[in-house]
Amino acid sequence: MNQNKFDSLIDSLVDSVKDYNLDSSFDHYNAIIEICNNCDYSFVYFKAWQLVNFVKFEHGSYDDNLFNEVEREVQDNDHNTDDITLNDYMMTYAFNILKVATLKKYESQVKEVA
């Protein structure tokens, strides 16, 4: 994984949100969760580890960064620690990286249009 591949991945996820049939019962946040949940980087161990490692080491040197935001979100929402493997955590982090990055990019594009 490199910056270009990461940016391309997030761009493709944002494009997928734009193609969703969004209405009052299914907003962009729900679409992003569904899209990111179906992305192979959130359920294939090898790809999840690649994504988390990239974001941790390429985006992890600032106080306000994607990895730190995802780490806080995972800690706030992860109340089940029984029988959790390191692979499970990597997939959780990968999903949340995709979700947070896609949400930020999508919402910034919507603000630009408005």
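This is a predicted model: local features need pLDDT of at least 70, side-chain atom pairs count only at pLDDT 80 or more; totals for chains, interfaces and linings use all residues.
Biologist: Where is Met1 found?

Modeller: Met1 sits in the segment before α1. Helices here are DSSP runs of H or I with at least four residues, strands are runs of E with at least two, and both are numbered from the N terminus. Residues are numbered from 1 along each chain as its sequence is written, and side-chain values use heavy atoms, leaving out hydrogens and water.

Biologist: Why does Met1 count as partly exposed?

Modeller: The cut-offs are under 20% relative accessible area for buried, over 50% for exposed, and partly exposed in between, using a 1.4 Å probe and protein chains only. Met1 comes out at 28%, so partly exposed is the label.

Biologist: And what is Met1 in contact with, leaving aside neighbours within four places in sequence?

Modeller: Contact means heavy atoms within 4.5 Å. By that test, Met1 meets Phe6, Tyr41, Gln50, Leu51 and Phe54 once neighbours within four places are left aside. Leu51 is 50 residues away in sequence, yet the C-alpha atoms of Met1 and Leu51 are 6.7 Å apart.

Biologist: What makes up the overall fold, in helices and strands?

Modeller: There are 5 helices and 0 strands, and the pattern along the sequence reads α-α-α-α-α. Of the 114 residues, 34% count as buried. Among contacts with a separation of 6 or more, 71% join residues 24 or more positions apart.

Biologist: What makes the crossing of α1 and α5 right-handed?

Modeller: A crossing is right-handed if the near helix is turned clockwise from the far one by less than a right angle, and left-handed if anticlockwise. The α1 and α5 axes cross at roughly 65° and come within 9 Å, and the crossing is right-handed. Axes are lines fitted to C-alpha atoms, for helices over the stretch in contact, with angles from 0 to 180 degrees between N-to-C directions. The residues in that contact include Phe6, Leu13 and Val17 of α1 and Ile97, Ala101 and Tyr106 of α5.

Biologist: How does the contact of α1 with α5 divide by class?

Modeller: Ala, Val, Leu, Ile, Met, Phe, Trp, Tyr, Cys and Pro count as nonpolar, Asp, Glu, Lys and Arg as charged, and the others, Gly among them, as polar. On that basis the α1 with α5 contact has 10 nonpolar, 2 polar and 3 charged residues.

Biologist: Which hand does the crossing of α3 and α5 have?

Modeller: Left-handed. The axes of α3 and α5 come within 8 Å and cross at roughly 60°. Residues meeting there include Trp49, Leu51 and Val55 in α3 and Met91, Ile97 and Leu98 in α5. By class, this contact has 13 nonpolar, 1 polar and 1 charged residues.

Biologist: How do you know that Ser42 is buried?

Modeller: Its relative accessible area is 8%, so Ser42 is buried. Ser42 is in the loop between α2 and α3.

Biologist: Which backbone oxygen does the side chain of Ser42 reach at 2.8 Å?

Modeller: That of Cys39. The backbone oxygen of Cys36 also lies 2.7 Å from a polar atom of the Ser42 side chain. A polar contact is a pair of N or O atoms within 3.5 Å; within protein one must be able to donate a hydrogen and the other to accept it, and residues adjacent in sequence count only if both atoms are side-chain atoms.

Biologist: Why does Asn96 count as buried?

Modeller: Asn96 has 8% relative accessibility, so buried is the label. Asn96 lies in helix α5 (residues 86–113), and its side chain reaches the backbone oxygen of Thr92 at 2.9 Å. Beyond neighbours within four places, Asn96 is in contact with Val70, Glu73 and Val74.
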